[in-house]
Amino acid sequence: MKIFIYHTPELTPTDQIPECAIAVDVLRATSTIATVLSAGGEAVQVFSDLNQLLAVSEKWPANKRLRAGERGGGKVEGFDLGNSPLDCTSDLVTGKRLFISTTNGTRALQRIEKAPIVLAAALINRSSIVDFLLAKKPETIWIVGSGWEGSFSLEDTVCAGAIAHSIVEKTGVSIAEIGGNDEVAGAIALYSQWQNDLLGLFHHASHGQRLLRLECLEDLKYCSQTDVLNVLPMQHEPGVLKS
Ligand code: 3SL
């Protein structure tokens, strides 16, 4: 196994495809996806374009669908939900497909959708991702942060580091052996420094601060938890993730 970490979709190579690609958007798209699938959602279907989401979801039975739209951290008018994982209760999502478009996270998933194995990771489901990787042992693994509109984000890189750190710890292989690029050592160092205060790190993150201005502290607290959901969101067809 060789792990490559890319901080944003824009930094991800366009001329290669790994055996396994993992999108990370801790605040909050991949945390929401993991929560919906863990709570009994039938699937999550991701879109970068809001109009395309509306057109495709229109063909789905109305009582079996939920539409989530987020832009700039807020809920898009006319949609059932924004992008808060805390809204995705079992009562609401069981048996339903969530059609979702967010500013950065859904773009990251679309960027890697051609890989043979595509996963969505957050801190809350980190151990399920790591267990899968250790069992499957893909030759090359890309972990792609969503960032914010093309820029680095602390929360996605710390999650990538949490995944790589756990693999190093569980296998005993060195960072040099497992790391395919310099970003891996950097992300592991970030996680090692902040692993006991991830919520504190989110307060330093520009998107964490944006969400705090939108009064989403409870979302930050929820998304900063590690290994609390046993769920593996995996792409079954382009753009459609199931557990
Ligand atoms: O950028 C994204 O895809 C979102 O996760 C942003 S937000 O946390 O919903 O504001």
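**Exercise 1. Find the charge that sits over the ring of tryptophan 148, and give its distance from the ring centre.**

Step 1: The charged end of arginine 210 sits over this ring, 3.9 Å from the centre. Step 2: The criterion is NZ of Lys or CZ of Arg within 6 Å of the ring centre and within 35 degrees of the ring normal.

A word on the model before we go on. It is predicted: local features need pLDDT of at least 70, side-chain atom pairs count only at pLDDT 80 or more, and totals for chains, interfaces and linings use all residues. Residues are numbered from 1 along each chain as its sequence is written, and side-chain values use heavy atoms, leaving out hydrogens and water.

**Exercise 2. Describe the aromatic pair formed by tyrosine 6 and tryptophan 142.**

Step 1: The structure holds three aromatic pairs (rings of Phe, Tyr and Trp, the last by its six-membered ring, with centres within 6.5 Å; planes under 30 degrees apart are stacked, over 60 edge-to-face, the rest tilted). Step 2: Tyrosine 6 and tryptophan 142 are edge-to-face, 5.4 Å centre to centre with 75° between the planes. Step 3: Tyrosine 6 is in strand β1 (residues 2-6) and tryptophan 142 in strand β8 (residues 140-145), so the pair links parts of the chain 136 residues apart (strands are DSSP runs of E, at least two residues; helices are runs of H or I, at least four; both are numbered from the N terminus). Step 4: Tyrosine 6 is buried at 11% relative accessibility, and tryptophan 142 is buried at 5% (buried means under 20% relative accessible area, exposed over 50%, partly exposed in between, with a 1.4 Å probe and protein chains only).

**Exercise 3. Work out where arginine 97 and glutamate 42 lie, and what their salt bridge ties together.**

Step 1: Their side chains meet at 2.9 Å, N to O (a salt bridge is a side-chain nitrogen of Lys or Arg within 4 Å of a carboxyl oxygen of Asp or Glu). Step 2: Arginine 97 lies in strand β6 (residues 97-101) and glutamate 42 in the loop between α1 and β3 (43-46), so the bridge ties together parts 55 residues apart in sequence. Step 3: Arginine 97 is buried at 6% relative accessibility, whereas glutamate 42 is partly exposed at 29%. Step 4: Glu42, Arg97 and Lys242 are linked in a salt-bridge network.

**Exercise 4. List the contacts of threonine 32, leaving out residues up to four places away in sequence.**

Step 1: Find threonine 32 in helix α1 (residues 29-38). Step 2: Threonine 32 is buried, at 2% relative accessibility. Step 3: Threonine 32 touches Asn83, Ser84, Pro85, Cys88, Leu98 and Ile100 (contact means heavy atoms within 4.5 Å).
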